[in-house]
Amino acid sequence: MHELAIAESIIKTVLDEAERRNLGPVKKIAVRVGALTDVVPDALRFGFEAASADTELEGTKLEIKTIPVVGKCRNCGKGFNVEEHIFICPVCESFDIEMTTGGELDIEYIEADDRSI
Ligand SMILES: [Zn+2]
């Protein structure tokens, strides 16, 4: 299961970061998932809950933001939303499309209690 491996990598990154920055308990993790990654948000949430059990991140809220696929035509320069994996320019019908967004798979931010306050 692809999403479980991603969830484990998110957990590892967040725990490393929390230690490095000496953060208190992490309350929320926001991740960005591009539509091109084929990651299913519900499966990722489930994987996160399973993988975070018995770690410091158990019960931490995982916010998943889905990023739509936006393409740009290399022929005429038009930018457009790609729906249902149809990579054709709506203006000139070229297939020469460059993806601008949609491949994201990263942590946008971490919300934690600050131990210094
Ligand atoms: Zn075009």
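Biologist: What covers the buried residues of helix 2?

Modeller: The cover includes helix 1 (2-20), strand 1 (23-34) and strand 2 (61-67). Helices (H or I, at least four residues) and strands (E, at least two) are DSSP runs, numbered from the N terminus. This is a predicted model: local features need pLDDT of at least 70, side-chain atom pairs count only at pLDDT 80 or more, and totals for chains, interfaces and linings use all residues. Residue numbers start from 1 along each chain as its sequence is written.

Biologist: Which residues of helix 2 are buried?

Modeller: L44, G47, F48, A51 and S52. Buried means 20 or more other C-beta atoms within 10 Å of the residue's own, with C-beta atoms placed from the backbone. These residues lie on the same side of helix 2, because they cover an arc of only 115° around the axis, taken from the directions from the helix axis to the C-beta atoms.

Biologist: Why would residues three or four places apart point the same way?

Modeller: An α-helix has 3.6 residues a turn, so they do.

Biologist: And what follows helix 2?

Modeller: D54, with a positive phi near 65°.

Biologist: New topic. In what order do the three strands of the open sheet run?

Modeller: The order is 4-3-5, with antiparallel pairing; two strands pair if DSSP finds at least two bridges between them. Strand 4 (79-81) and strand 5 (97-101) are at the edges with a single partner strand each, so one side of each has no neighbour in the sheet.

Biologist: How many bridges between strand 3 and strand 5?

Modeller: Four, between strand 5 and strand 3 (residues 70-73). C73 stands opposite I97 in strand 5.

Conventions
Buried ≥ 20, exposed ≤ 12 C-beta atoms within 10 Å, placed from the backbone. Contact = placed C-beta atoms within 7 Å.
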